[in-house]
Amino acid sequence: MTLTQQIITIAMCVLGTMATRFLPFIIFNEKRRTPEFVQYLGKFLPSAVFGMLVIYCLKNVSLFHGTHGLPEGIAILVTGMLHCWKRNMLISIAGGTICYLLLLHFVFV
Amino acid sequence: MRYKALKAAFPYTLPIFTGFWFLGMAYGIYANASGFSFLYPMFMSLLIYGGSLEFVTVEMLLSPFAPVQVLIMALLIQARHLFYGLSMLDKFKGLGWKKYYLIFGMCDETFSINCSVDIPEGVDSGWFMFFVTLLNQLYWAGSATLGALAGSLLHINTEGISFVMTAMFVVIFLEQWMKETNHTASILGLLISVICLICFGADAFLIPTMILIVVLLALLKPRLDKKEQEDSP
């Protein structure tokens with residue numbers, strides 16, 4: 001990517017973010033009720049999007065070559081178990097990442 | 001008046017302080033390990049100011065140039081802010097120029113404070129929310145910048161640090177899962193993404209995935225609405 005393309009990419013992210021933050025204040029007011037479909041999406045879209053983002057992070061993991069996705073799989077399990085156990089976001093993320101780094105640098109070398 | 005509001009706001013931002021420093025530093029180190037100078041995470045954390053999207057932006061900066069896909073991705077990841085805005089329509093009324101900054105800086109954590117806290121008596125609510133927003137943004141941008149600087153100075157082997165993004169989304173996904181009574185949308189998000197990834201490949205699966213998620217959610221609406229009514233007492 002050239003510098004201009006990088007700036008456009010970041011600008012698109014700023015635009016997308018600010019559209020979602022400013023839009024309600026521009027189009028809705030207390031007199032106009034939020035359309036029912038928008039409310040419905042608000043309820044169910046986030047779960048689906050975060051599911052998609054988990055897969056997005058793993059898009060370059062190959063199950064058939066190299067480490068067969070084992071370090072990723074194990075580290076995700078550790079992250080999940082830590083989170084079910086302590087339900088503390090920082091502990092789960094830090095623990096999972098440390099586990100992944102250890103696996104990558106010492107086990108699956 | 002300003003000082004009083006700052007003093008009232010600061011304690012509420014302390015829990016966010018810890019979380020933001022940890023994630024922000026990790027973000028800075030990750031961006032730096034991906035080959036970007038501290039200027040990138042600094043400007044991204046100041047201008048985009050939405051943690052999950054910023055991680056994804058680094059990944060997208062390393063991919064082929066695709067501005068439309070980036071915009072749709074940003075809209076979908078940030079769509080939840082629409083609902084934050086709806087809840088703050090009243091609270092932000094009549095605050096003048098501060099209102100625009102409050103909307104600009106309304107990330108998940110800032111929203112959760114500004115939406116839920118009963119502002120102490122005698123404290124100006126506009127300034128209170130202004131300082132909550134400002135402090136949180138300073139923590140985030142400061143830690144992202146410092147993380148990137150530390151990463152470039154320390155010369156540690158950062159291979160694999162990008163997993164911090166995976167772990168973050170796994171945790172957010174789990175949080176959503178624990179909160180919801182019906183897991184259809186969560187399962188749908190995972191399944192559609194995997195299927196599209198297999199069919200379209202790593203560089204082209206996002207747009208079909210996002211379209212399919214919205215279309216299928218729209219088609220399932222009657223059923224999910226019904227289930228929702230049955231589940232709620």
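Into which domains is chain B divided? In this predicted model, chain B is divided into domain 1, which covers residues 2–153, and domain 2, which covers residues 180–231.

Taken as a whole, chain B holds 11 helices and zero strands, and if you read its elements from the N terminus on, they run α-α-α-α-α-α-α-α-α-α-α. The C-alpha atoms of chain B fill a box of roughly 60 × 55 × 30 Å, taken along the principal axes.

Let us turn to the two domains. The centres of domain 1 of chain B and domain 2 of chain B, taken over C-alpha atoms, are separated by 28 Å, and where these domains meet, four residues of domain 1 are in contact with four residues of domain 2. For domain 1 and domain 2 of chain B, the buried area is about 510 Å², with 83% of it on carbon and sulfur atoms. Of the area that domain 1 buries against domain 2, 74% is supplied by Q69(B), M73(B) and L76(B), which is more than any other three residues supply. Across this interface between the domains the rule finds zero salt bridges, and it also finds zero residue pairs in polar contact, counting pairs with both residues at pLDDT 80 or more. On the side of domain 1 that touches domain 2, the residues divide into three nonpolar, one polar and no charged.

Now for the contact between the chains. Here 89 residues of chain B are in contact with 69 residues of chain A, and the two chains bury about 7200 Å² between them, 79% of it on carbon and sulfur atoms.

How many salt bridges are counted between chain B and chain A? The count is three, while the structure holds five salt bridges over all chains. As a general point, side chains of opposite charge can pair when their charged atoms come close. One example is the salt bridge that R87(A) forms with E175(B), in which the closest N and O atoms are 3.0 Å apart. R87(A) lies in the loop between helix 3 (70–86) and helix 4 of chain A, whereas E175(B) lies in helix 9 of chain B, so this pair joins two chains.

Between chain B and chain A there are also 17 residue pairs in polar contact, again with both residues at pLDDT 80 or more. Helix 9 of chain B gives the largest share of the side of chain B that touches chain A, namely 15 residues, and the residues of that side divide into 61 nonpolar, 17 polar and 11 charged.

Finally, the aromatic rings: the count comes to 22 aromatic pairs over all chains. Why is the pair of Y100(A) and F163(B) described as stacked? Their ring centres are 4.4 Å apart and their planes stand at 15°, which is under the 30 degrees that the stacked class requires, so the pair is stacked. This pair crosses between chains, from Y100(A) in helix 4 (residues 89–107) of chain A to F163(B) in helix 9 (residues 163–179) of chain B.

Key
Residues are numbered from 1 along each chain as its sequence is written. Chains are lettered from A and ligands numbered from 1 in the order in which they are written. This is a predicted model: local features need pLDDT of at least 70, side-chain atom pairs count only at pLDDT 80 or more; totals for chains, interfaces and linings use all residues. Side-chain values use heavy atoms; hydrogens and water are left out. Domain bounds come from an automatic or database domain assignment. Contact means heavy atoms within 4.5 Å. Buried area is the accessible area (1.4 Å probe) that two parts lose on being put together, summed over both. A salt bridge is a side-chain nitrogen of Lys or Arg within 4 Å of a carboxyl oxygen of Asp or Glu. A polar contact is a pair of N or O atoms within 3.5 Å; within protein, one must be able to donate a hydrogen and the other to accept it, and residues adjacent in sequence count only if both atoms are side-chain atoms. Ala, Val, Leu, Ile, Met, Phe, Trp, Tyr, Cys and Pro count as nonpolar, Asp, Glu, Lys and Arg as charged, and the others, Gly among them, as polar. Rings of Phe, Tyr and Trp (its six-membered ring) pair if their centres lie within 6.5 Å; planes under 30 degrees apart count as stacked, over 60 as edge-to-face and the rest as tilted. Helices (H or I, at least four residues) and strands (E, at least two) are DSSP runs, numbered from the N terminus.
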